[in-house]
Amino acid sequence: MSSVYQEFDEAIAVEAVFYRGQIRPRRFQWGNQARKVARITYRWKERKGEATVYFFALLTEDRTALEICFNDKTLEWRLVRCWQEG
Amino acid sequence: MLSEPTPPKQRQLRRPEAKHLAVGKDSGRGNIFLLVDMNAFFASIEQQCNPFLQGKPVLVCGDPKMRTVVAAASYEARPYGVESGMPLQRALQLCPHAVLVEGNPAKYVDTAKRLHRIFLEFTPQMEVFSIDEVFLQLPPSADPLEIAGAIKRRIREQEGLTCSIGIAGNKMLAKLAASLQKPDGLVWIKPEQAEEVLKDLPVEKMPGIGEKTAARLEALGVRTLGELARCPEERLFQVFGDCMSQFLHQAGVGRDGTPISAFYQEPIIKSMGHNYTLPSDTYDLTLIKSHLHRLSEMVGRRIREENFTGRTVRLTITFGGKTYQSLHSITRHLTVDESLFDGLDIYRVALRILGRVGLNGKPVRMLGVSLASLRKGIYKPCLWEDFEKKWRLVAAKDAVNNKFGEWSLMTADVLAVVRGPSRRKSDLPIRAAVRNMKGPAPKTLLGRRFSPS
C-alpha cells in the first residue's frame, strides 16, 4: 500500500469562526503556504487533562485531506496529520 | 470519618425525557426492542473523515509497525475475507491493496456519544451494548418502523453514517434481526414470524452461540435453530449443563426475557481489569514487569475513579506459540487482607503471583491484571499513618494526571513502556472507553470526602 497518513505535530496559524458553540476553521497557514478550507468533513473532541482538544478533519480547496486540532487551554492550533495519496 | 463500605448496588440517576417518541394505537404487543448496529463503525468514520478513503478497502488497526489486529474493516474489504479481530498480516495477505489507518478510540467514543444523544431523543430506555451497538426499548404503543426510519435518517444527516436496525419483541431477536441485513438494513421479526424466520437459520447466527458451541451442537445433529428448538432440553443438559442448556433451549425458539439495562442505571461491577498484547512475544522479565506495573496503575486509577477498593488481584498470562492454536493462557489470583486502591500495591501482589507461577522458559504474549472482591468506599486499616500518607500521595498523583493528561506522572519502569502524552492517539483502550461511556463521569480523587477520625 502506498497511500498513508503522514503524522505531524506542528503549530499552525488558523483563521476560524466561533459562533453558537461551534468552531469553524476557514483558512490556515502551513509553512509558507496559505490554504483555504473547502469542507469540514468530520469533527470530534478529546480530553487531555484539563484541556478539551477539538479535532477537525478538513478538505482544502487544493484537495488535500488533513486533520488539525485546537486546544482550548493553550489556545493553540496544531496540524495533526495529512493524507498522502500514493 | 471514612465512608462506610457499602456493597455495589444499582443506583437510579435522572432519566432524560424522550422528544420524538411516536405514539400510536396500542396494538396489544408487549414492549418493542430495537438493536441499532452501526455499519463498519470505525472504518466508516475514517472514510467520513477522509473522502479519499471512500470506495476503498480500509482496515482500521493498531500501530501497523507492531503486532496488531484489524479493529474494523470497511465493506469494500470484506469480500476479500477480512474480518474484525483478524491479525493484520493475515488480512494483508487476503487484501494486499488495503489502506491501513491507525485507529483513534477517542474519535469513535466521541461519535458514539453523539449518536447516544440522538437515540435518547426517541426513548430514555437505552442500553449501550458495545461501542457500535445500542439496544432501545419502546412502549407497545410506539410505531417501531417510523422510529427506526427516523433514527436512520438522523444518523445519516448528522454523521454521514449508516446503521442496521433490528426490531423484535426481545433483545435476542432484535440483535439477530439487525444481523440479517447489512449494511443499512431494517428488519422486523414479529412474534408470529419468529418460528418461520428461525427454522432454517444456522445456530451460530443466534447471538450467544459461537463456533465451539455450534460444533458441539452439530455433534448432536443440531445445525439450525429449528432443530435446536426441537431438541429435548434434557439432551442439551447432558452436554452443556444447566445454565447453557436453558439458554440454548430458549434461543431455539427465540425467547429472551432479559430487560434493558438502561444507561442511567449503574451496573454492578464485580471486577476491573486491563489486558495488553505485547508487540512481540518476549522472554524479557524486566519488560514483562514494566507492563505489569503499567496495567496495575491503570487498574488502580479506574478503581479510585469509581470509589472502589478490592482485595483479590487476578493475573492472566498468555504464552506465545508458533501457531494461534498453540497459545496457552493461565489465570491465577491472590486475595490479601488489606483493601487495595494503589496501582503500586496491586502491582506488588501481581508480582507475588508471577513469582509463584513462573514463566518456565516460555515467551509471554499477553498480560492481564484485574482487581476483584470489590467494595465501595475505603476500609480503615490498622496502620493509619501509613495509609494516610499513601492516600495523599496517590491523590496528588491523580491530580497531576487529571490536570495534564494520563501518564503525565509515572515511575521510571512504567515510563519505558508508555507512549508519551499524545495529541492524537488515545491511551484509552476501546473497551475501557466503552465502559467509561456507560458509567458516570470520572471523579478526581481530591473530590472525595476524607478526614481522619
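Analyst: Strand 1 of chain B runs antiparallel to strand 6 (residues 133-138) of chain B, and six bridges join them. Strands here are DSSP runs of E with at least two residues, helices are runs of H or I with at least four, and both are numbered from the N terminus. Two strands pair if DSSP finds at least two bridges between them. Within this pairing, Val36(B) faces Val134(B) of strand 6 of chain B.

This is a predicted model: local features need pLDDT of at least 70, side-chain atom pairs count only at pLDDT 80 or more, and totals for chains, interfaces and linings use all residues. Residues are numbered from 1 along each chain as its sequence is written, while chains are lettered from A and ligands numbered from 1 in the order in which they are written.

Strand 1 of chain B also pairs with strand 7 (residues 163-168) of chain B, again through six bridges and in the antiparallel sense. There, Ala168(B) is the bridge partner of Phe33(B).

Next, burial. A residue is buried if 20 or more other C-beta atoms lie within 10 Å of its own, exposed if 12 or fewer, and partly exposed in between, with C-beta atoms placed from the backbone. Strand 1 (residues 32-38) of chain B is mostly covered, with seven of its seven residues buried. In a regular strand, side chains alternate between the two faces of the sheet. Here both faces are covered. One side carries Ile32(B), Leu34(B), Val36(B) and Met38(B). The other carries Phe33(B), Leu35(B) and Asp37(B).

Helix 1 (residues 41-49) of chain B is also mostly covered: eight of its nine residues are buried. Among them are Phe41(B), Phe42(B), Ile45(B) and Cys49(B). Glu46(B) and Gln47(B) are on the buried list too.

Three strands of chain B make an open sheet with mixed pairing, in the order 3-2-4. Strand 3 (70-73) and strand 4 (99-102) of chain B are at the edges with a single partner strand each, so one side of each lacks a neighbour in the sheet. From one strand to the next, the twist averages 30 degrees. Strand 2 (residues 58-61) of chain B pairs with strand 4 of chain B in the parallel sense over four bridges. Leu59(B) sits opposite Leu100(B) in strand 4 of chain B. Helix 1 of chain B packs on this sheet and touches strand 2, strand 3 and strand 4 of chain B. The direction of helix 1 makes about 115 degrees with that of strand 2 of chain B. Angles run from 0 to 180 degrees between N-to-C directions, and axes are lines fitted to C-alpha atoms, for helices over the stretch in contact. Two residues are in contact if their C-beta atoms, placed from the backbone, lie within 7 Å.

A helix pair comes next. The axes of helix 3 (residues 105-120) and helix 4 (residues 144-159) of chain B come within 10 Å and cross at roughly 140 degrees. The two helices are therefore oblique to each other; angles under 35 degrees count as roughly parallel, over 145 as roughly antiparallel, 65 to 115 as roughly perpendicular and the rest as oblique. On the helix 3 side, Thr111(B), Arg114(B), Leu115(B), Ile118(B) and Phe119(B) make the contact. On the helix 4 side, Ile151(B), Arg154(B), Ile155(B), Gln158(B) and Glu159(B) meet them. These residues divide into five nonpolar, two polar and three charged. Ala, Val, Leu, Ile, Met, Phe, Trp, Tyr, Cys and Pro count as nonpolar, Asp, Glu, Lys and Arg as charged, and the others, Gly among them, as polar.

Of its 453 residues, 34% count as buried. Among contacts in chain B with a separation of 6 or more, 67% join residues 24 or more positions apart.

One backbone detail: the peptide bond from Lys182(B) to Pro183(B) is cis, with omega near -5 degrees. Pro183(B) lies in the loop between helix 5 (171-179) and strand 8 (186-188) of chain B.

Last, the partner chain. 22 residues of chain A are in contact with 23 residues of chain B. Strand 4 of chain A gives the largest share of the chain A side, six residues. By class, that side has 11 nonpolar, three polar and eight charged residues.
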